[in-house]
Amino acid sequence: MPPTLFLTVVAGMLCYVSSGPDSSTTIAPITPGLSLRLADTYNYCEGRVEIYYEGAWGTVCGNNWDIEDARVVCRQLGCGDAVAAFPWPKFGEGSGRILLDNVQCKGDEAYLWECENRGWGIHDCTHEQDATVLCQDEIYKPTGTVGDVLSLQLVGGPNECAGRIEVTYFASWRTVVCSKGWDLNDAEVVCRQFGCGHALAALGNGLFGSGQGGPLMTNVDCSGDEYDLLSCPYEYRPATCGGYPDAAVICSDSGVAPPDLQDFAIQLVNSSNRCEGRIEVYYNGTWGTVCDDDWDMNDAQVVCREIGCGDAISALGEAPFGEGNGNIWLSNLQCKGTESHLWQCKHLGWGTHGCHSVEVAGIICKGLP
Ligand SMILES: *[C@@H]1O[C@H](CO)[C@@H](O)[C@H](O)[C@H]1NC(C)=O
Ligand SMILES: *[C@@H]1O[C@H](CO)[C@@H](O)[C@H](O)[C@H]1NC(C)=O
């Protein structure tokens with residue numbers, strides 16, 4: 001092909017692409033932080049091969065790109081067998097980093113990045129060599145851009161950071177995510193995707209009502225690091241939810257207390273002043289302490305305000321007010337300082353810590369405002 005003709009074709013493709021509906025959709029990876037998609041077509045199962053790596057999408061170079069490599073891509077995406085492998089960008093050039101070169105799959109690898117290659121980011125290619133694949137299956141991509149390929153929203157809750165997940169499909173078909181296999185790692189991805197902080201609860205108990213329409217996703221299995229919910233492995237369009245109600249989440253920024261935190265309480269003990277002492281929190285029917293790992297003024301500020309003691313004066317470590325009974329509920333708190341409740345702050349998980357009983361936090365608040 002003469003160079004001018006080639007360029008014309010590429011420009012034509014780019015034009016089609018920018019006015020086209022969508023340049024993304026993903027499925028299937030389990031490797032944390034890694035994701036795979038075929039970009040720049042209407043069909044989910046064909047396009048330029050792209051990998052989400054170190055926080056951004058990049059391409060794969062077409063050197064030695066063949067049908068065995070395409071086969072791994074198609075299988076990883078749940079798109080059946082490979083039909084064709086192009087060592088050039090049939091649907092338009094990508095941008096960003098060129099992540100893999102000289103990919104040589106044997107054919108039985110579960111993930112493209114498990115195939116032999118030169119190493120992440122090592123290549124001598126340009127985007128004129130972007131690897132492209134056609135797979136057997138045809139799954140029409142709904143319109144939209146990243147994030148609203150299938151538009152997500154949280155509904156049925158008191159605000160947009162808590163509720164059941166609804167997916168808008170083909171702009172009119174409201175449908176649901178089933179709660180089979182739904183857990184905190186999945187909820188974490190949803191909360192992050194919505195800019196709602198971190199996940200406090202992953203629910204499947206109908207707390208926020210139930211949606212209508214056929215389910216679109218079930219058995220969602222995020223590792224928690226994915227770019228968005230659609231980057232997680234899931235089963236696509238199950239016939240029914242099989243008795244698992246709509247998946248729902250409560251994110252920290254919602255200010256909504258999940259069921260297990262309804263009777264959460266805080267007290268300061270072993271001091272004559274109720275606004276200073278060892279912090280004890282009540283969770284799951286038991287009082288326990290806070291470990292002093294990462295304990296700082298932002299965390300102390302939230303505690304002092306929550307118990308009506310004004311601003312924090314000091315955040316102390318090494319059990320200045322005694323060790324308590326040894327039950328440590330919270331560790332590595334990461335409050336921003338603006339939360340209304342201590343349970344909204346990120347931490348290692350209730351009862352999860354690497355602390356000795358002497359590493360207990362104490363606090364001095366200003367006093368009654
Ligand atoms: C909460 O208490 C129940 C019953 O005592 C127990 O089975 C469960 O493991 C506890 N949860 C935590 C996080 O400690
Ligand atoms: C109270 O704090 C002191 C340290 O100031 C400690 O020696 C003592 O054991 C604590 N008592 C209780 C009941 O925690």
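You are looking at a predicted model, in which local features need pLDDT of at least 70 and side-chain atom pairs count only at pLDDT 80 or more, while totals for chains, interfaces and linings use all residues. Residues are numbered from 1 along each chain as its sequence is written, chains are lettered from A and ligands numbered from 1 in the order in which they are written, and side-chain values use heavy atoms, with hydrogens and water left out.

**Stop 1: around Arg-71**

Show helix α2, residues 67-76, and you will find Arg-71 in it; helices (H or I, at least four residues) and strands (E, at least two) are DSSP runs, numbered from the N terminus. Leaving aside residues up to four places away in sequence, Arg-71 touches Asp-81 and Ala-82 (contact means heavy atoms within 4.5 Å).

Is Arg-71 buried or partly exposed? With a relative accessible area of 25%, Arg-71 is partly exposed; buried means under 20%, exposed over 50%, and partly exposed in between (1.4 Å probe, protein chains only).

**Stop 2: strand β6**

Next, select β4, residues 82-86, which runs antiparallel to β6 and is joined to it by four bridges. Two strands pair if DSSP finds at least two bridges between them. Ala-84 has Leu-134 in β6 as its bridge partner. Then bring in β2, residues 46-53, which pairs with β6 in the antiparallel sense over three bridges; here Arg-48 is partnered by Thr-132.

Color β6 itself, residues 132-135. In a regular strand the side chains alternate between the two faces of the sheet. Thr-132 and Leu-134 lie on one side of β6, Val-133 and Cys-135 on the other, and all are buried.

**Stop 3: ligand 2**

Finally, select ligand 2 with the residues around it: Asn-270, Arg-278, Pro-320, Phe-321 and Gly-322, each with a heavy atom within 4 Å. Which residue has a polar side-chain atom 2.3 Å from an oxygen atom of ligand 2? That is Asn-270. A polar backbone atom of Pro-320 is 3.0 Å from a ligand 2 oxygen atom.

How values were computed:
Polar contact = N/O pair within 3.5 Å; in protein donor to acceptor, adjacent residues only side chain to side chain.
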